[in-house]
Amino acid sequence: MTAPVVTTRRGSRLTPEREATVHASTLDLLREVGYEALTMDAVAARGHCSKATLYRQWGGKAALVAMALRHGRPVGPGDIDTGSLRGDLRALLTLDDDRQLERDCALMRGLAMALHGNPDLMRALHEVMIQPERSGLDTLLRRAVDRGEIRADDPALPYLLQMLLGAFFTRNVLEDLPPTRAYLLAFLDAVILPALGLRPGTDPDPDPTPGTDPAAASAP
């Protein structure tokens with residue numbers, strides 16, 4: 001039987017503020033060197049803690065990386081409720097500004113390559129990231145079904161996560177361009193909503209991410 005990815009161990013735990021520092025340090029190092037070259041020693045040095053503390057709190061590199069990625073997405077699909085499915089998906093796709101989308105795309109592209117030969121990382125990401133995201137999307141879709149927006153037996157529903165990930169990754173692969181808010185919203189209206197049997201509507205744009213220029217955020 002496979003042991004849980006994140007374990008509880010004896011000893012003092014880091015405060016939430018110190019955890020956030022370690023998570024940020026982990027993501028910074030991932031962007032700099034990639035998953036394979038990332039070491040717990042480097043995270044400990046960057047995060048100003050001991051390697052023993054990292055192993056005590058996270059158990060290993062795979063779990064630490066997965067939790068750092070999760071920490072970077074405090075709002076999940078199930079937390080969003082605008083009153084319409086289109087509004088919910090627009091809000092979900094615009095949680096980050098264009099600069100952060102570009103950074104995340106490069107990060108996830110590197111992780112995708114590492115996943116092929118690392119079952120521990122695959123298991124950790126499924127447990128900490130993919131399953132919670134899938135559960136949150138199920139909640140979001142159930143509300144849409146209850147509102148009468150979509151059919152519960154729509155054959156496209158099980159593929160919503162794949163469509164969202166496709167919107168995020170394919171532009172970079174096919175056009176060598178990062179996804180932008182404008183691109184993701186256009187993909188939503190042209191591909192995802194029609195697949196769910198919905199027409200693009202005229203919902204107002206979600207509020208731009210604080211600190212960003214709304215005009216710049218809407219540029220493809």
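This is a predicted model: local features need pLDDT of at least 70, side-chain atom pairs count only at pLDDT 80 or more; totals for chains, interfaces and linings use all residues.
**Close-up 1. Leu 198 sits in the loop between helix 9 and helix 10 (214-217).** Is Leu 198 buried or exposed? With a relative accessible area of 18%, Leu 198 is buried, because the cut-off for that label is under 20%. Leaving aside residues up to four places away in sequence, Leu 198 touches Leu 85, Glu 149, Ile 150 and Leu 193. Take Glu 149 from that list: Leu 198 and Glu 149 are 49 residues apart along the chain, yet their C-alpha atoms are separated by 7.8 Å.

**Close-up 2. The largest nonpolar core has 29 residues.** Those with the most contacts inside this core include Leu 85, Leu 89, Ile 150 and Leu 160, and also Leu 164, Ile 192 and Leu 196. Which helices each supply at least two residues of this core? They are helix 5 (85-93), helix 6 (98-115), helix 7 (119-146), helix 8 (160-175) and helix 9 (181-195). Now pick out Leu 89: not counting residues up to four places away in sequence, Leu 89 touches Leu 140, Leu 160, Leu 188, Ile 192, Leu 193 and Leu 196. Another core, of 28 residues, lies apart from this one, and Leu 29, Ala 62, Leu 115 and Leu 121 are among its members.

**Close-up 3. Helix 3 (residues 51-58) has buried residues at Thr 53, Leu 54, Gln 57 and Trp 58.** Those four cover an arc of only 100° around the axis, so they end up on the same side of helix 3. What do the buried residues of helix 3 pack against? Their partners are helix 1 (16-33), helix 2 (40-47) and helix 4 (61-71).

**Close-up 4. Helix 4 packs with helix 7, the two axes being 8 Å apart.** The packing angle is about 25°, and since angles under 35 degrees count as roughly parallel, helix 4 and helix 7 are therefore roughly parallel to each other. The crossing of helix 4 past helix 7 is right-handed. On the helix 4 side, the contact is made by Ala 62, Ala 63, Val 65, Ala 66, Met 67, Leu 69 and Arg 70. Helix 7 brings Asp 120, Leu 121, Ala 124, Leu 125, Val 128, Met 129, Pro 132 and Glu 133. Ala 62 and Leu 121 also turn up in the core of 28 residues.

**Close-up 5. His 48 has a positive phi of about 60°, although it is not a glycine.** Look for His 48 in the loop between helix 2 and helix 3. At 63% relative accessibility, His 48 counts as exposed, because the cut-off for that is over 50%.

**Close-up 6. Asp 176 is found in the loop between helix 8 and helix 9.** Asp 176 is not a glycine either, and its phi is positive, near 55°. Is Asp 176 buried or exposed? Asp 176 is exposed, with a relative accessible area of 64%.

**Zooming back out: the chain has 10 helices and 0 strands.** Of the 220 residues in the chain, 43% are buried. Among contacts in the chain with a separation of 6 or more, 73% are between residues 24 or more positions apart.

Technical notes:
Residues are numbered from 1 along each chain as its sequence is written. Side-chain values use heavy atoms; hydrogens and water are left out. A nonpolar core is a set of buried Ala, Val, Leu, Ile, Met, Phe, Trp, Tyr and Cys residues joined through side-chain atoms within 4.5 Å. Buried means under 20% relative accessible area, exposed over 50%, partly exposed in between (1.4 Å probe, protein chains only). Contact means heavy atoms within 4.5 Å. The arc is that of the directions from the helix axis to the C-beta atoms. Axes are lines fitted to C-alpha atoms, for helices over the stretch in contact, and angles run from 0 to 180 degrees between N-to-C directions. Angles under 35 degrees count as roughly parallel, over 145 as roughly antiparallel, 65 to 115 as roughly perpendicular and the rest as oblique. A crossing is left-handed if the near helix is turned anticlockwise from the far one by less than a right angle, and right-handed if clockwise.
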